[in-house]
Amino acid sequence: MRRRLALAAVGLSALVASLAGAPARAQAEIRIAHIHSLTGPLEAYGKQTSTGFMMGLDYATGGTMTVAGKKLVVIEKDDQGQPEVGRRQLVAAYEDDKADLAVGPTSSGVALALLPVAEQFRKILVVEPAVADSITGEKWNRYVFRTGRNSSQDAVSNAMALDREGVSIATLAQDYAFGRDGVKAFRDAIKKARIVHEEFLPARTTDFNAGAQRLIDALKDKPGRKIIWVLWAGGGNPFTIADLDLKRHGIEIATGGNILPAMIGFKRFPGMEGATYYYFGIPKNPVNEWLVANHYKLYRTPPDFFTAGGMSAALAVVEALRKTGGETDTARLIRAMEGMSFDTPKGRMQFRVEDHQAMQTMYHFRIKADPAMPWGVPELVREIRAGEMAVPIRNQRQQ
């Protein structure tokens, strides 16, 4: 009997110890959901973001993957580029996976579906790389921070590169939040040139001839410099409009930056100007040097457009967690992140208090056809600092 009682006591002690240890083990983890497009039309962007995010966590934690003694656990989820799928994935991340915060998504359409979920669960969502202004504009809530650039930052920087007296501009963009918000922001930023036509085509367009003809008709008889500004992401190649002999009408093409495979097509447009979020050869700082060197070491290629964005999101997350001592209480994280500055491959970024948009440098470039590179190389004309860009605050924040 005494032996059975002793064994029972040992078993009870083990159970109590196990139950006591369960919260300790849970608290020793910080769970981060990364929701992005691993399949679908923006698959290439999502995979780059994932690579950059994991490299950023490695860099920021010195390879330990811990902050304040707590292990960082990343839960990857594929939204397939579909808003409803992304919404379900974020609900599952917060509810079932017990994610402390989330990062993503790739598509602006998906991002707009995620914002109410973050508000419902009162959990942080760091938006990277979805671009639409409405994310930190009229659809914003206090749980949303964005490390990616927004449409206005793209538009204002491109306008600064192209806005001149006597210039006529027509725009070509995709007919959803990314394209609509981007063109509106570009139009609002133009002060000297004239916008003579806006062409919106379905996101999956492959035949651009009809749209191109409308662009040509709008521009061909205008005096002075004539430009088609292209804002496009994912599939399709809008630069095929150059095959319609735009030069005959004195029409140029301009655009912002893109991923390296898309920039292969830029090589046929030497001298083309625009503004970009990132190109691996432009920023000169220790973070970018580490990213370029280690990306070459791991993948034998340079880091791309969205790789830098993913790393920036990771650096922001780790900096915020350091400021809270590893605590993931949402109110503490918000206090830590509002106005927070952090280093990225692009240099220093800072979350604006009013809308949690990361203010950041953009780069005015001119394309060079370098025989050593398969893509058109964006050579730096000048850095456009955050303070130079009048990026509007578009939300109606409830204090």
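**Figure 1. Packing of helices α10 and α11 in the predicted model**. Helix α10, residues 305-323, packs against helix α11, residues 330-337, with the axes 9 Å apart and at an angle of about 110°. Because angles of 65 to 115 degrees count as roughly perpendicular, α10 is roughly perpendicular to α11. The crossing of these two helices, α10 and α11, is right-handed. On the α10 side the contact is made by Ala320, Leu321 and Lys323, and on the α11 side by Leu333, Ala336 and Met337.

**Figure 2. Packing of helices α3 and α4**. The axes of α3 and α4 cross at roughly 30° and come within 8 Å. The cut-off for roughly parallel is an angle under 35 degrees, and α3 and α4 are therefore roughly parallel to each other. Their crossing, that of α3 and α4, is right-handed. From α3, the residues in contact are Pro83, Gly86, Arg87, Leu90, Val91, Tyr94 and Glu95. They meet Gly109, Val110, Ala113, Leu114, Val117, Ala118 and Phe121 of α4.

Figure 3. A search of the whole structure finds 14 aromatic pairs. One of them is formed by Tyr94 and Phe121; this pair is tilted, with 5.5 Å centre to centre and 40° between the planes. Tyr94 is buried, at a relative accessible area of 5%, whereas Phe121 is partly exposed, at 21%. Phe186 and Trp229 form a stacked pair, 3.9 Å centre to centre and with 10° between the planes. Phe186 is buried, with a relative accessible area of 0%, and Trp229 is buried, with 2%.

**Figure 4. An aromatic cluster and two arginines over rings**. Tyr45, Tyr277, Phe305 and Phe306 are linked into a cluster by ring pairs. Arg142 lies over the face of Tyr143, and its distance from the ring centre is 5.5 Å. Arg180 has its charged end over the ring of Phe200, at 3.7 Å from the centre of that ring.

**Figure 5. Surroundings of Thr361**. Thr361 is found in the loop between β14 (358-359) and β15 (362-368). With a relative accessible area of 7%, Thr361 is buried, because buried means under 20%. Not counting residues up to four places away in sequence, Thr361 touches Tyr277, Lys346, Glu383, Ile384, Arg385 and Ala386. Tyr277 is also one of the residues of the aromatic cluster, with Tyr45, Phe305 and Phe306.

**Figure 6. Surroundings of Ala369**. Ala369 lies in the loop between β15 and β16 (377-384). Its relative accessibility is 35%, and Ala369 counts as partly exposed. Not counting residues up to four places away in sequence, Ala369 touches Lys267 and Pro270. From Ala369 to Asp304 the C-alpha to C-alpha distance is 18 Å, and the two residues are 65 residues apart in sequence.

Notes
Residues are numbered from 1 along each chain as its sequence is written. This is a predicted model: local features need pLDDT of at least 70, side-chain atom pairs count only at pLDDT 80 or more; totals for chains, interfaces and linings use all residues. Side-chain values use heavy atoms; hydrogens and water are left out. Rings of Phe, Tyr and Trp (its six-membered ring) pair if their centres lie within 6.5 Å; planes under 30 degrees apart count as stacked, over 60 as edge-to-face and the rest as tilted. Buried means under 20% relative accessible area, exposed over 50%, partly exposed in between (1.4 Å probe, protein chains only). A charge sits over a ring if NZ of Lys or CZ of Arg is within 6 Å of the ring centre and within 35 degrees of the ring normal. Axes are lines fitted to C-alpha atoms, for helices over the stretch in contact, and angles run from 0 to 180 degrees between N-to-C directions. Helices (H or I, at least four residues) and strands (E, at least two) are DSSP runs, numbered from the N terminus. Angles under 35 degrees count as roughly parallel, over 145 as roughly antiparallel, 65 to 115 as roughly perpendicular and the rest as oblique. A crossing is left-handed if the near helix is turned anticlockwise from the far one by less than a right angle, and right-handed if clockwise. Contact means heavy atoms within 4.5 Å.
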